[in-house]
Amino acid sequence: MDKGRIADILDEVGTLLELKGENPFKSRAFHNAARLLGGVTEDLGVLVKEGKLRSIKGIGESTAKIISDLVTTGESPDHQSLRKSFPPGIFDMLKIQGLGPKKVSFLFTKMKIASVDALEAAAKKGELASLEGFGKKTEENILLGIAQFRTHASKFHINIAEHAAHRITETLRTVPGVIRMELAGSVRRRKETIGDIDIVVSAKRSDVQRIMSAFTGHPSVERVTGEGETKSSVVLDSGINCDLRIVSDSEFPFALNYFTGSKDHNVRIRSLARERGWSLNEYGFTAAEGVKKPKPLPRTIRSEEDIYKAVGLSYVEPELREDLGEVEAAAEDRLPELVTMKDIRGTFHCHTNYSDGQNTLAEMAAAAQAMGWEYLGIADHSKVAAYANGLNEARVKKQHKEIDALNAKFKGFRLFKGTEVDILPNGDLDFNDSTLATFDYVVASVHSSFKLSEADMTKRIMKALKNKHVTMLGHLTGRLLLERDGYPLNQTEIINAAADLGKIIEINAHPMRLDLDWRMVRYAVQKGVLISVNPDAHVVTGLQDVKYGVGIARKGWCRKKDILNTRTLKGIESYLKL
Ligand code: DGT
Ligand code: CA
Ligand code: CA
Ligand code: ZN
């Protein structure tokens, strides 16, 4: 089990203990351990084997037990029995914004409210306003939170979906009889949020039952919602639904293509087949009825490439399958060669423990090197971001000294001195020009005053963009997926200006953000704006989020040359005039 999932479970344990009314120190210990885990650079499996978990500062006896259970068996009895001691509706209540464990605990123990529906009913009747520690305003916020919960409850961030999917496929891969297996649906298309997970497997008929049982009996399955000959559906412990389809190996390319979608893309491919006198579904090509002079049916289809070729198209990468021009482009063989994770040679916009990151400069550099990268851009917060321990000018100087010292020791690797400088409400930057000039590069971002009008927000960011020291804009819209929409902003105007001024815009690769949105990425690239895929990492493991950003870049039709951080170290140094 990976660290992220273990950290989530520790967090949940902390919250559930709080719900139980346990000593706050105890629950805080679990939350702290969850946070610490991200910064652990050693392999957890090795630490467990050597009995060294306890040597990590902040990991006590009970946290160590849970971690070691999870690492060795994938399950923790302590966690599971704690979970089972609450009605399932409690977990949904905890997801409602503005309703922490304390209030949920009060509502559950004193009011016997144990589901979102019951909570909504009570709030609508005005029963919450008079409760101790609640009030009219809280009641209104809870109703708002419930409305938000309802619109977002059925969607998940891509990292959650991907982790959940990989747990299943890792197991299925080891089941005898599995011939081919791929993730399909929105996960394969690298959408920014995911409804459910779709998996397609090929196998001989005689092996299907065994594979289905391995799926429905997987430890991460909470309940089975459908069990059939070729398709089963389950709800996973993360709350996400997962569909598995098992087909014969000759049907596999058709099933994979169909269940990858998108629906709109499928419709287009089907109509191309139709023009040739064929009908196309998830099992194959067949002769369409009532067509006078059909073309001969394609005989050997082994792969999706073969399907596309049969209907007169070049291969369409899954990320592009949204019916946004990819079919027309494939017909004329003018699809872009998309950037891949292998093209990435470093990244910008990473935080360290100078501001609100968890790891040191040296640890972040080592993690970047371990990914095979040639450089890493540091961009800690600026001074106005007090909540994030933003750096003042003196601490910037100190950090630069430390970076110089580290760089002196590296061979073929460089840390770049950057900042994520706040764009103040009036469009000024949080550092003056002479301080900004001391950085190798500058990311400018909005972190406050989200409530400006569209015109004011656009003016604010435009002013920052025009500062000659600004290299790139960070998380342009400020959206938090499934939580908060971006602030009102004329993105087109900003992108046009970035093109004119030769400024970069980032794809913030954090799975909560994925901002710039891929639809706008495509526009930006058409305008000639250079894109930087940045993880906004606050911990060493955060660097790996770059892959979600690369997915978004691909959805935005980005080629290698459209992405700043596919350039070599030399290329970056010359771009930044260093
Ligand atoms: P999601 O799960 O909401 O994030 O998005 P998808 O795209 O994974 O959608 P899902 O899981 O409902 O279905 C998986 C794929 O199956 C979908 O992308 C296209 C295909 N599909 C499902 N239903 C239909 C349909 O009624 N017509 C066509 N043409 N394709 C469908
Ligand atoms: Ca799906
Ligand atoms: Ca599905
Ligand atoms: Zn930021």
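## Domain layout

The C-alpha centres of domain 1 and domain 4 are 32 Å apart. The model is predicted. The domain assignment of the chain places domain 1 at residues 3-152, domain 2 at 156-249, domain 3 at 253-331 and domain 4 at 341-575.

Where domain 1 and domain 4 meet, nine residues of domain 1 are in contact with seven residues of domain 4. About 640 Å² is buried between domain 1 and domain 4, and carbon and sulfur atoms give 50% of that area.

## Zinc site

The zinc ion (ligand 4) has three protein donors listed by residue and atom: Glu420 through OE, His447 through NE2 and His475 through NE2, at 2.0 to 2.2 Å. Along the chain these donors follow the spacing E-x26-H-x27-H. Glu420 belongs to strand E12 (residues 414-422), while His475 sits in the loop between strand E14 (472-473) and helix H21 (491-501), so this pair ties together parts that are 55 residues apart in sequence.

Both Glu420 and His475 are buried. Water is not among the atoms, so the site may look incomplete.

## Helix H4

Helix H4 runs over residues 61-73 and has 13 residues. From its first C-alpha to its last, H4 reaches 18 Å, close to the 18 Å expected at 1.5 Å a residue. After H4 comes Gly74, with a positive phi near 80°.

Which residues of H4 are buried? They are Thr63, Ala64, Ile66, Ile67, Asp69 and Leu70. An α-helix has 3.6 residues a turn, so residues three or four places apart point the same way. The cover over the buried residues of H4 includes helix H1 (3-19), helix H2 (24-38) and helix H5 (77-84).

## Salt bridges

How many salt bridges does the rule count? The count comes to 39. One of the pairs is Glu317 with Arg554, whose closest N and O atoms are 3.2 Å apart. This pair links distant parts of the chain: Glu317 is in the loop between helix H15 (304-310) and helix H16 (326-331), Arg554 is in helix H23 (residues 546-555), and the two are 237 residues apart. Glu317 counts as partly exposed because its relative accessibility is 28%. Arg554, at 11% relative accessibility, counts as buried, the cut-off for buried being under 20%.

Lys52 and Glu50 also meet through their side chains in a salt bridge, at 3.1 Å from N to O. Lys52 has 41% relative accessibility and therefore counts as partly exposed. Glu50 is likewise partly exposed, at 48% relative accessibility. In a further pair, the side chains of Glu332 and Arg334 form a salt bridge at 2.6 Å, N to O. Glu332 has a relative accessible area of 53%, so it is exposed, whereas Arg334 is partly exposed at 46%. Elsewhere, salt bridges that share partners join Glu192, Arg479, Asp517 and Arg519 into one network.

Technical notes
Residues numbered from 1 in each chain as written. Chains lettered and ligands numbered in written order. Predicted model: local features only at pLDDT ≥ 70, side-chain atom pairs only at ≥ 80, totals over all residues. Heavy atoms only, no water. Donors = N, O, S within 2.8 Å, 3.2 Å for Na, K, Ca; no water. Helix = DSSP H or I, 4+ residues; strand = E, 2+ residues; numbered from the N terminus. Buried < 20%, exposed > 50% of the residue type's maximum accessible area, 1.4 Å probe, protein only. Expected span 1.5 Å × (residues − 1). Contact = heavy atoms within 4.5 Å. Domains from an automatic or database assignment. Buried area = accessible area lost by both parts, 1.4 Å probe. Salt bridge = Lys/Arg side-chain N within 4 Å of Asp/Glu carboxyl O.
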